[in-house]
Amino acid sequence: MAKFQTAVIDIGSSNIRMKIFENKKSKIKQLEHIELPLYLGHDTFKHKEISFEKVDRLCEILTSYKKLANDYGINKISIYATTAFREALNKDYVIELVKLRTGLEVIVLDDLEEKTFIYKEIKRIVKGKVKNGVIAYVGSGSLGVSFVEKGKIKYSQNIRIGSLKLSEILEPIQEYTKKFHVIVEQYINTYIDVLGDLIKGNKQNDFIATGKEISLIAKLFGENINKTQFKISKTAYNTLYNTIKKLTPEQISNSYNISTDLAETLVPSMAMFKILMDFSNADSFVGYDISLCDFIGFKNLHPNLYRQLDQDFYDDIINQARHAALRFNYDKPHANALLSHSLLIFDAIKNIHGLNQRHRLLLRVSCILHDSGKYINLNAHTTHSFNIISNLEIAGLSMEELEVIANIAKYHADLLPDKSDYTYAKLSFKNKMVVSKLSAIIKLGDALDESHLQKLINTKVDFSDNILKIYTFFKEDITLEEWAFNNKEVFFNNVFGIKTLLIKERII
Amino acid sequence: MKTFAYKNFINRELSWLEFNLRVLEETYDELNPLLEKLKFLAITASNLDEFFMVRVAGLKEQVKAHFFAKDISGLTSLDQIKKISDKTHFLITKQYHVYNKFLLPQLKNEDINIYTYNALVGLQKKYIDDYFEDIIFPILTPLAIDSSRPFPLLKNKAIYIAVSLDVAGENKTAFIQLPTVFPRIIKIPEGLNNYSYIFAEEIICKNLNKLFEGNKINSYTTFRITRSADLLFDEEGAEDLLIEIEKQIKQRKLGDLVRLEIQKGCSSLLKSFLLSSFPVKKEDVYYCDGPLDLSHLMSFATSFYQYDTLFYKHNIPINPLLGKDMFKEIASKDILLHLPYQSFVPIIALLQQASIDDGVLAIKQTLYRVSSDSPIIKALITAAKNDKQVTVLVELKARFDEENNITWARKLEEAGCHVIYGLPNLKIHSKTLLIVRKERAGIKRYMHFSTGNYNDKTAKLYTDISFFTTRESLANDISSFFNFLTGYTEKPIMKKLVTSPTHTRAFFEKKLDDEISNVKAGVKGHFIGVMNSLVDRKLIEKFYEASCAGVKIQLLVRGVCCLKPKVKNVSENISVISIVGRYLEHTRLYYFYNNNSPLVYLGSADLMPRNLDRRVEVLFPIEEPLLIKSILNIINMQLSDTTKARYLKSDGTYSYFKHRTNNSQQLLYDYYSNQETTD
């Protein structure tokens with residue numbers, strides 16, 4: 001049964017926020033929203049570690065939040081932490097200390113997971129209204145940008161510069177220059193100038209902005225802070241930015257009646273939005289005041305709707321994978337053939353592999369990206385594929401899942417998963433099994449298009465009496481495919497404990 | 001924003017003295033029963049004590065610090081002290097005039113006789129002499145004053161007798177503190193159930209020879225000193241506010257001297273001794289033509305509870321929610337209660353019900369002044385014992401109530417309540433209650449807001465408006481507000497509530513600007529404000545600006561009002577009335593015409609800088625059209641008061657209306673009692 005109330009805590013780089021939601025007549029009602037500043041980012045971004053003073057304060061805050069959650073009879077709280085925690089060298093100790101002192105378990109989201117939540121939340125709110133556009137998320141510790149085409153995310157990139165991080169990094173320069181904003185803009189550009197090339201020729205009609213400073217920007221424009229969404233013209237945005245960028249944080253604080261801490265991160269944040277907005281052809285800035293808490297709240301209270309949203313996001317993941325593969329000149333017909341063969345096999349033996357729809361998605365991505373290493377060098381291309389994939393960013397997939405995909409790609413050809421292989425050895429047992437099973441499938445699928453010539457006109461699969469029968473219909477000779485199949489079925493048979501049979505039928 | 005010259009404002013302290021004069025007027029008012037008049041006289045005296053301890057003390061501090069900035073009306077602290085002294089001298093003369101010439105004779109007519117010692121005869125005298133020997137004498141401790149010992153530390157507001165003695169040919173002085181262990185006014189039995197009375201100091205003075213046997217008594221007098229009592233301390237440095245306040249209370253008797261009262265007829269020898277002994281200026285010395293400290297008349301008057309006809313007719317508060325399920329009632333509709341015409345009991349009932357209700361998860365409340373044996377506190381303790389999460393924001397700094405506050409705050413803590421002691425530099429003045437209840441359909445939040453404190457005793461004397469609701473938008477705001485107070489969040493997010501110290505001022509400016517714009521656009525502009533005090537210069541200037549633009553402004557300011565109404569080209573459209581009567585007008589209510597969609601806000605904030613900028617206050621909107629209508633009805637009844645209302649003139653003084661026909665307080669009681677059930 002779905003929960004009625006849920007409490008979610010977001011440990012950010014500059015504040016700790018808790019929201020309490022209730023599921024009322026299938027609608028989510030926010031009962032509480034509390035926020036206290038705690039600049040964990042100051043510690044992590046400057047000293048690489050979270051100080052003990054901050055841990056003490058964090059525990060104090062979490063204890064008081066726990067008390068408020070208890071006011072609503074909530075005992076289990078979802079606690080998520082982002083960049084400041086993620087990048088702290090002592091994060092494991094801090095998690096343990098927090099657990100011992102407060103009884104609360106902090107989940108540290110990886111960069112991809114964090115942004116995925118944000119993009120999903122945006123998708124949930126805009127309900128498919130964004131066809132072509134740029135979505136920019138500026139957090140305290142990191143920046144996420146994604147390009148949407150025909151309603152699907154095409155490319156996404158996380159950059160480790162957030163508003164607070166940037167103001168921390170550039171703080172020493174600030175005192176020596178009157179044109180701090182120029183430095184901020186140039187610094188941001190060093191990170192993101194390549195993005196322009198990636199989206200050349202695409203129409204980006206919308207610009208969607210979200211992140212920590214959004215509510216503040218809304219306030220500066222006199223927008224109703226209680227609305228989730230607001231829209232302002234690009235000209236108006238730039239006019240305000242041009243005014244603010246020349247002011248010191250103290251001047252901003254006085255002129256706009258906001259705290260100096262907020263004022264400090266405002267210029268970097270507005271600069272990032274400005275630069276990203278310039279990538280698009282959008283004539284307006286659409287701000288969405290959304291938060292991780294809102295999304296987790298939705299996830300906890302509406303698990304079924306969340307599942308639906310998650311599955312809807314599969315298309316975005318595939319779309320991103322295809323665009324990434326395109327960048328590495330992938331052999332699209334081969335990838336499609338592989339995809340089709342692999343999925344046939346996956347679906348046919350679903351009762352024995354014990355894998356789920358999410359694994360099916362990983363298989364799909366693996367098929368699309370498996371040969372990307374050939375872009376680097378044809379020799380040892382599977383190792384190059386591994387390196388490329390494990391360094392990609394695909395919104396919707398976690399780092400852990402990308403690691404799994406990279407391993408599947410690595411073992412799609414001749415290599416076999418082996419515990420003496422470091423990349424395989426470091427996987428969890430569960431993931432080792434996933435890699436072995438999916439690479440066994442992809443190996444068979446790959447064999448069926450060994451020549452990359454898509455000789456099989458039709459393929460049917462039947463699984464009965466512990467035998468997987470693969471019926472192939474072809475016009476041209478498929479001896480190469482048959483040979484490859486015979487070579488690779490051994491591993492498949494070992495992994496699944498079933499026999500395979502290739503049944504050939506030549507057609508005219 | 002336009003600014004206005006000093007001459008357009010009334011000094012705050014002088015306006016307060018005007019208020020105390022209006023209270024004093026009640027002692028002359030033949031519409032009031034005799035013992036009520038006596039009570040009013042006592043109130044003027046205790047009011048004056050507090051005024052000296054806080055306000056005059058503050059001005060003297062300023063002088064000491066060489067701070068000579070001008071006030072709203074252009075007066076320096078020195079100017080103000082001088083003018084206060086003049087006006088207070090006038091007030092005190094009036095107090096003793098009414099006491100001697102009106103009240104004593106009227107009491108005599110009712111067979112309540114307060115005698116002087118010399119007027120006692122036969123058995124009366126014997127009884128009193130015996131009383132002195134047996135009860136008073138053993139506890140008297142005369143303090144000899146001479147250069148060989150340090151000058152004694154005299155207690156704030158205590159009454160002393162100074163005695164000039166001839167000791168072996170040498171003139172000496174001694175002080176005797178009037179003990180407080182027996183009544184100030186002592187009963188003399190006169191047969192069965194019949195008494196007459198005498199002041200305790202009168203007995204002592206006439207028996208001084210027994211105290212100073214063998215020495216000649218040259219002369220004697222009573223005197224009383226008042227010390228500064230303002231609680232000034234560094235809250236930032238105070239590790240534990242509770243301990244700090246306890247310390248302050250102990251120190252209170254050591255404050256600077258701000259007033260010396262001496263009984264009229266004091267010998268010149270003693271007078272010059274007293275004046276030379278205390279660091280007072282001529283203007284700080286008041287000669288009283290009668291017993292010092294008339295505040296004692298309060299307990300004296302109330303001791304005649306059996307004399308029904310000499311008090312106001314008993315108005316039993318109406319309880320429209322008697323015996324009802326409070327949760328059910330509040331969930332079905334917004335409810336207003338107008339105290340003291342209507343009862344405070346539903347508020348207690350709600351808390352009592354919540355304390356034992358299975359669905360209630362949490363109770364949060366701000367407490368400012370509560371009664372010493374408060375049913376509210378008891379209900380909160382029960383709730384905590386029943387495993388409800390009880391959070392109480394206690395304001396220890398409620399002036400002169402700190403001792404009481406500390407006692408019950410400790411009791412709450414012991415019961416397991418989460419007690420939070422105020423915020424540094426911000427007094428929590430709001431009166432709010434939130435009950436979180438888990439119901440079948442989910443969480444429901446029940447709220448109570450009020451213009452008055454959670455005090456069952458004052459709820460019978462102060463006029464206040466109470467509001468119960470379960471409106472979601474207010475629930476979110478009040479949760480946020482409590483989270484701010486408990487330190488769970490730094491940025492309370494408010495949609496409907498208007499809160500100090502951050503938003504109230506801007507809210508008034510904005511809403512008054514809207515009225516101004518409406519008038520400029522050819523629509524009616526109208527503001528009505530009901531409050532205790534109007535002091536804030538910027539808002540007064542905003543009222544002037546609105547008045548000049550043509551906005552009609554009607555103000556009901558019970559106490560201090562620094563705004564000058566009816567001044568040409570400044571405040572022609574502003575009228576101010578003050579109602580001083582049986583009940584203390586305590587409501588804060590603000591109405592904006594708002595282009596015919598009225599906005600009504602109630603709350604804890606007066607329009608004083610402290611309420612706008614330095615206190616935690618809450619103004620809450622009334623949105624239910626029927627309730628807005630009944631509030632407008634209340635305001636209209638008050639605005640048409642001609643009996644207890646006085647109107648403020650542009651010279652800063654007040655006058656009664658010519659034909660005193662409507663007494664709004666009585667009319668309101670009649671109005672409610674015609675509607676519903678009583679307690």
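Predicted model: local features only at pLDDT ≥ 70, side-chain atom pairs only at ≥ 80, totals over all residues.

Biologist: Which residue is the bridge partner of Tyr160(B) in β7(B)?

Modeller: That's Phe223(B).

Biologist: And which way does β3(B) pair with strand β4 (residues 170-177) of chain B, parallel or antiparallel?

Modeller: β3(B) and β4(B) are antiparallel, with eight bridges between them. One of the facing pairs is Val167(B) with Glu170(B), the latter in β4(B).

Biologist: How many residues sit between the strands in that hairpin of β3(B) and β4(B)?

Modeller: Two residues lie between the strands, and in this hairpin Ala168(B) has a positive phi near 50 degrees.

Biologist: Changing topic: which residues touch the most other members of the largest nonpolar core?

Modeller: Ala136(A), Ile405(A), Leu41(B), Leu380(B) and Leu534(B) do, in a core of 315 residues. Helix α2 (residues 34-64) of chain B gives the largest share of this core, 15 residues.

Biologist: What does Leu534(B) touch, leaving out residues up to four places away in sequence?

Modeller: Its contacts are Ile540(B), Leu555(B), Val557(B), Cys561(B), Cys562(B), Leu563(B) and Leu607(B). As general background, nonpolar side chains tend to be buried together in soluble globular proteins.

Biologist: OK, on to the two chains. How many residues of chain B are in contact with chain A?

Modeller: 18 residues of chain B are, and they meet 19 residues of chain A. On the chain B side, the elements giving two or more residues are β11 (360-367), β15 (432-439), β16 (442-450) and α14 (472-485). The largest share comes from α14(B), with three residues.

Biologist: What's the make-up of that side of chain B by class?

Modeller: Seven nonpolar, seven polar and four charged residues.

Biologist: Which elements of chain B have the lowest and the highest mean pLDDT?

Modeller: The lowest is helix α7 (residues 241-251) of chain B, at 54, and the highest is strand β20 (residues 552-557) of chain B, at 98.

Biologist: And where in chain B does pLDDT stay under 50?

Modeller: Over residues 232-241 of chain B, where the model has eleven contacts beyond four places in sequence.

Note on methods: Residues numbered from 1 in each chain as written. Chains lettered and ligands numbered in written order. pLDDT = per-residue confidence, 0-100. Helix = DSSP H or I, 4+ residues; strand = E, 2+ residues; numbered from the N terminus. Contact = placed C-beta atoms within 7 Å. Core = buried A, V, L, I, M, F, W, Y, C linked by C-beta atoms within 7 Å. Buried ≥ 20, exposed ≤ 12 C-beta atoms within 10 Å, placed from the backbone. Pairing = 2+ DSSP bridges. Nonpolar A, V, L, I, M, F, W, Y, C, P; charged D, E, K, R; others polar.
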